[in-house]
There are 2 protein chains.
Amino acid sequence: MEELKYESVDLLIKNGILLTMDSQMRRFENGYVAVKDGQIVEIGSSSIGQIDSIRQIGSIEEKGSIWEKGNFTNSTMQATEVIDAKGGIIMPGLINSHTHASMTLFRGLADDLPLMEWLNNHIFPAEAKLTPERVYIGAKLACAEMVLSGTTCFCDMYLFEDKVAEAAYDCSMRAIVGEVLYDFPSPCYGPIEQGFEYVAAMMEKWKPNSLMKPNSLITVAVEPHSTYLCAPELLQRAVELARENQSPLIIHVAETLSECAKIKEKYGVTPTRFLADLGVLGPNLVACHSIHLTKEDMELYKAFDVKVAHCPESNMKLASGVALVPQMLKNGICVGLGTDGCASNNDLDLFLEMDTAAKLHKVFSMNPEALKAETALQMATINGARALGLDSITGSLEVGKRADIIIVNTSAPHMVPMYNPYSHLVYSATGNDVSVSIIDGKIVMKNRKLLTMDVESVMDEVQKIAADIM
Amino acid sequence: MEELKYESVDLLIKNGILLTMDSQMRRFENGYVAVKDGQIVEIGSSSIGQIDSIRQIGSIEEKGSIWEKGNFTNSTMQATEVIDAKGGIIMPGLINSHTHASMTLFRGLADDLPLMEWLNNHIFPAEAKLTPERVYIGAKLACAEMVLSGTTCFCDMYLFEDKVAEAAYDCSMRAIVGEVLYDFPSPCYGPIEQGFEYVAAMMEKWKPNSLMKPNSLITVAVEPHSTYLCAPELLQRAVELARENQSPLIIHVAETLSECAKIKEKYGVTPTRFLADLGVLGPNLVACHSIHLTKEDMELYKAFDVKVAHCPESNMKLASGVALVPQMLKNGICVGLGTDGCASNNDLDLFLEMDTAAKLHKVFSMNPEALKAETALQMATINGARALGLDSITGSLEVGKRADIIIVNTSAPHMVPMYNPYSHLVYSATGNDVSVSIIDGKIVMKNRKLLTMDVESVMDEVQKIAADIM
């Protein structure tokens, strides 16, 4: 008689198609996952393999159900809470590799405009009206939208970023946060010298052993804006700070042709070569967008294991261009998926982003095999985690990882029939099909209801802020 | 004291942002629309303009509410049913200009494959297992998905198409239907001679004065498949039949480069020139896809007022190419929006299609102004109606048109704040935000519940068919 490692768990999710998104892309029919202390302690199938006859004793109840395993008849698994996936898809929560969360405040404020007119006449004037409180509320709205659409972790860059961290923390979301750093004075910290102080203070406040962050949801990154808004000194200092603290380094790279022209004119090289010469490239660098890369740039990315956050919808909407993602993947470069901010998308739904990514690269390369559904899903899960340095704790369903889990409902007309769950997740589902979101073992959304915030009051607050911005 | 034209109406929708999508793109804050005998009899705003103080007397009830107009104090408007849009968007139902509805049966069956492998090894073998009954069930699932995502009218081409007509009729959907005609024997009608008989029988069955179709929901079109599957004789006979019956003529044109090469090799011209020489071009022709057009082709489209059904997501997924839609629109060519079939999309959600269209053409032309939100919305409403010859009865909210109306909920995190409803509809909404769908004055979906079919049993049937197809 074998012994069960865990006889009592906090949460048991059962009765779904379980996709692990691990390196073996395992799939369990009639799958289940057990969670204890926020960690995944068991995954499997109740109908195949070693643990093939899990069955429930007595009636199914949300709390206090007792499970028995056929191969372990002397042991029982007791779960404090049981969630029935009802035949839906159980999978890792999605990871949004690039956001400006509080820009939810500017959703739909200005669209369909040339980049400079959009920025100078609409976005910058609106951002001048930002306050820490407004950034907090905007970030909360973003968290609501992300949790409702199955995103459990995001990587953010913005102003007053400590407030984004607080919003994520208050909503129990996993996040990488970083104050945007640039040469000119910031509405948040003033001159850049104080910007580095602001970042250092955030790092202290949110460090793993701090009382405020017992569950390590928040990671502070160093986030210089770009090669065109940051002098070499700023960039090198950012690299240094990230190295000292083993932090991710986040930057926009080669988003537009005009940016590339500017750097060429100023430094005589591409943005990537410029960063390489400054010692910025490295495995902790997330190069957001990375649209206009030369062959040499891509070789540098590969050589330094630079990560990419690909934001196809924003790149399309701003007419920035199409990143060469299939080539990057072929070169072994790790590419995550991001939505960018709501002013240039205009939503935070990674299911839609996966669909767009898979389709855009097919037509752009005139090759229907260019980016498959499974690949798009990897970008939005395990590759995103790897890009952000979080793959030891999230991005896939594996024993020992933190429990960032979602359930996708499949009993809706647009999800029927079921031949292939990967296909449905990428080409048919939207974020609205997510029925449950779990972060770090905590149920943050169930049956489309947010459990960690009063979303009605957040929406009311945002509408008031918008009335003042408009 | 002015007289009210209608004192008693069947349906009153109130309390929303009303977008007419008519030629003036009128917008009414706190708007309402009144419906009698399936027709729109009044639209306006309860806070501005002539009829600025509509208010309800007594408690708000779904049935039997009495309304009073401030400027018409002696008159009251009595509505049998009142729907409160709760601040959402009241707009015309969307029009899907190109579908193969019953291909819902093959949703996710095979993806990410080269066109010929996909067709020959997956789609054709699956289609060999079709029966009239299966086509009916597949079309019902499509109707469910369309109604739930705000589409009130679709233009279909498929096998056993009379069953698609029956499905649409049974669900109270507006549809243009047409049996696909080609040179080789069809599983539906056998040799082409009988194909024309099948079409003639459908026309007789569904003609406006027939007892089966008192409300004119169904229009029968003539639908030769394409220049590469139809001989000149077939095409000319199709033109003749459409002319005799004043029917729409639907065909696939220039969808792939290989199609263009084939026609060039066989006839020495482009598909469009080939059709022009045969006398096929005309204002009743809906040329689906129309991706690979030369300058001369586009001039022919313009000269003959040919209509286009643009299907960006299918064209992307199959790596067919990008139609030159901004140039078409600049040339005054009428372009509607379609999803194509579920085997190459894989959904029927026109909200997602609008988003994709607006973004794809921006990046493809590297111009953020290439296709604006308002234009995408016109393509999915009034332009679709014009393309299908239905603009006198649907496609916009105007007095005298049939009541094809939807309400889009705006009180969800991804729809907040509200600066610009056009922007939100295209860039933030999905079909799931549609809370009410009304076709020909009949409420077919309310609060996400379908009222004209048992959708659970339809999904069960489809799953059974899929099990046999797989």
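## Parallel sheet in chain B

In chain B, four strands form an open sheet in the order β8-β9-β10-β12, with parallel pairing. Strands here are DSSP runs of E with at least two residues, helices are runs of H or I with at least four residues, and both are numbered from the N terminus. Two strands count as paired if DSSP finds at least two bridges between them. At the edges of this sheet stand β8 (94-99) and β12 (218-220) of chain B, each of which pairs on one side only. Neighbouring strands are turned by 15 degrees against each other on average, direction ignored. Axes are lines fitted to C-alpha atoms, for helices over the stretch in contact, and angles run from 0 to 180 degrees between N-to-C directions.

Strand β10 (residues 174-177) of chain B pairs with β12(B) in the parallel sense over three bridges. Within β12(B), Thr219(B) stands opposite Ile176(B).

## Basis of the description

The model is predicted: local features need pLDDT of at least 70, side-chain atom pairs count only at pLDDT 80 or more, and totals for chains, interfaces and linings use all residues. Residues are numbered from 1 along each chain as its sequence is written, chains are lettered from A and ligands numbered from 1 in the order in which they are written, and side-chain values use heavy atoms, with hydrogens and water left out.

## Parallel sheet in chain A

Chain A has an open sheet of four strands in the order β14-β15-β16-β17, with parallel pairing. Its edges are β14 (249-253) and β17 (335-337) of chain A; each has a single partner strand, so one side of each is left without a neighbour in the sheet. From one strand to the next, the twist averages 30 degrees.

Three bridges join strand β16 (residues 307-310) of chain A to β17(A) in the parallel sense. Val308(A) has Val335(A) in β17(A) as its bridge partner.

The domain assignment of chain A, which is automatic or taken from a database, gives domain 1 (8-91 + 397-450) and domain 2 (94-387). The C-alpha centres of domain 1 and domain 2 of chain A lie 31 Å apart. To their contact, domain 1 of chain A gives 27 residues and domain 2 of chain A gives 30 residues; contact means heavy atoms within 4.5 Å.

Strand β7 (residues 89-92) of chain A pairs with strand β1 (residues 8-19) of chain A in the parallel sense over two bridges. β7(A) is also joined to strand β18 (residues 405-408) of chain A, by four bridges and in the antiparallel sense. Ile90(A) takes part in both pairings: Ile90(A) is the bridge partner of Leu18(A), and Ile90(A) stands opposite Ile407(A) in β18(A).

Buried means under 20% relative accessible area, exposed over 50% and partly exposed in between, with a 1.4 Å probe and protein chains only. Pro312(A) counts as buried because its relative accessibility is 1%. Leaving aside neighbours within four places in sequence, Pro312(A) is in contact with residues including Leu337(A), Gly338(A) and Glu353(A). Pro312(A) and Glu353(A) are 41 residues apart in sequence, with 7.0 Å between their C-alpha atoms.

Glu313(A) has a relative accessibility of 1% and therefore counts as buried. Its contacts, leaving aside neighbours within four places in sequence, include Glu353(A) and Thr356(A) of chain A, and Asp355(B) and Lys359(B) of chain B. The side chains of Glu313(A) and Lys359(B) are joined by a polar contact of 2.7 Å. A polar contact is a pair of N or O atoms within 3.5 Å; within protein, one must be able to donate a hydrogen and the other to accept it, and residues adjacent in sequence count only if both atoms are side-chain atoms.

Glu259(A) lies in helix α6 (residues 257-267) of chain A. At 2% relative accessibility, Glu259(A) is classed as buried. Not counting residues up to four places away in sequence, Glu259(A) touches Thr227(A), Tyr228(A), His252(A), Val253(A), Ala254(A) and Pro271(A).

## Relation of the two chains

Chain B is superposed on chain A by a rotation of 180 degrees with 0.0 Å of shift along its axis (RMSD 0.0 Å). That is the relation of a two-fold axis. Both copies use the same surface, as 100% of the contact residues of chain B recur in chain A. The superposition is by least squares on the C-alpha atoms of residues with pLDDT of at least 70 in both copies.
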